[in-house]
Each structure stands twice: as structure tokens, then as C-alpha cells.
Amino acid sequence: MMQEDKRMKVKKGSVTVRVGLEGEEGGFRKFVIPISYLHHPLFQRLLESAQEVYGFYSSGPLKLPCSVDDFLHLRWRIERESQHSHGHHRQSLYSC
């Protein structure tokens with residue numbers, strides 16, 4: 001069904017992440033995201049969690065300890081914020 005999980009080509013300026021929680025229905029999913037996400041405060045919180053859970057060294061895509069639904073919401077918030085970068089309303093940090 002999800003052939004893109006087999007061998008995804010990642011375009012320049014992007015990175016592949018693996019999202020999901022053990023025992024979560026649907027398992028893990030891979031996403032290709034812009035490298036710019038790595039600098040966003042919301043995403044950096046998730047990276048800190050990943051370091052605590054998985055450590056610094058892993059092979060393959062960057063693993064994120066987050067449900068797929070929470071990741072999709074986080075991605076939506078980052079994209080919405082980048083489109084409306086007025087800096088007026090900074091909401092509390094979202095964590096997976």
C-alpha cells in the first residue's frame with residue numbers, strides 16, 4: 001500500500017523522519033520535511049525528546065517519538081506559523 005516507505009528519494013533541502021509510537025495503531029510512517037523545520041522551536045522540543053528516547057546515534061531516518069496525529073498537527077502549526085510570520089501570537093510549545 002505505501003510504496004514510498006520502501007525507498008523514498010529525498011530532494012535537496014529536505015530530511016526524512018520516521019514518526020510513530022510503539023504499539024500505536026498504524027505503526028510508523030515516514031515523512032519528508034524541509035530542513036528549516038529543524039530550527040523551529042516547536043520541532044526542537046521534539047528533537048530533544050528524540051535524543052532522550054533514542055540517543056544521538058541511529059541508522060536510517062531520524063526517529064521521532066511522537067504519534068502520527070500529533071506530528072501532523074505539529075507540521076500544520078509550523079507551516080501555518082511560517083505563512084503568518086507576524087510574530088504577534090506565540091502559542092505555548094506543543095509537545096508530542
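Predicted model: local features only at pLDDT ≥ 70, side-chain atom pairs only at ≥ 80, totals over all residues.
In strand E3, Leu64 is the bridge partner of Val19.

Strands of a sheet pair through backbone hydrogen bonds, and the sense can be parallel or antiparallel. The other pairing here is antiparallel: strand E1, residues 14–19, is joined to E2 by 6 bridges. Two residue pairs show where E1 and E2 meet. Ser14 stands opposite Pro34 in E2, and Thr16 has Val32 in E2 as its bridge partner.

Now put the strands together. They make an open sheet of 3 strands in the order E2-E1-E3, with mixed pairing.

Next, the helices. Helix H1, residues 41–54, lies across E1, E2 and E3, and it runs at about 100° to E3. H2 also lies across E1, E2 and E3, and H2 runs at about 15° to E2.

On to the aromatic rings. How many aromatic pairs does the structure hold? There are 2. A pair of aromatic rings is described by the distance of the centres and the angle of the planes. For Phe31 and Phe71, the centres are 4.9 Å apart and the planes are at 40°, which is a tilted pair. Phe31 is in strand E2 and Phe71 is in helix H2, so the pair ties together parts that lie 40 residues apart in sequence.

Are Phe31 and Phe71 buried or exposed? Both residues are buried. Phe31 has a relative accessible area of 6%, so it falls under the 20% cut-off for buried. The C-alpha atom of Phe31 is separated by 5.4 Å from that of Val17, a residue 14 places away along the chain.

Two other rings have a charged residue over the face. Arg18 lies over the face of Phe28, 3.8 Å from the ring centre. Lys63 lies over the face of Tyr54, 5.6 Å from the ring centre.

The last stop is Ser67. Where is Ser67 found? Ser67 sits in the loop between strand E3, residues 62–64, and helix H2, residues 68–83. Although in a loop, Ser67 is buried, with a relative accessible area of 11%. What does the side chain of Ser67 reach? That side chain reaches the backbone nitrogen of Asp70, at 3.0 Å. Leaving out residues up to four places away in sequence, Ser67 touches Val19, Leu21 and Glu24.

That brings us back to Val19, which is touched by Ser67 and is the bridge partner of Leu64 in E3.

Methods
Residues numbered from 1 in each chain as written. Heavy atoms only, no water. Helix = DSSP H or I, 4+ residues; strand = E, 2+ residues; numbered from the N terminus. Buried < 20%, exposed > 50% of the residue type's maximum accessible area, 1.4 Å probe, protein only. Polar contact = N/O pair within 3.5 Å; in protein donor to acceptor, adjacent residues only side chain to side chain. Contact = heavy atoms within 4.5 Å. Pairing = 2+ DSSP bridges. Axes fitted to C-alpha atoms, helices over the stretch in contact; angles between N-to-C directions. Phe/Tyr/Trp six-rings, centres within 6.5 Å; stacked < 30°, edge-to-face > 60°. Lys NZ or Arg CZ within 6 Å of the ring centre and 35° of its normal.
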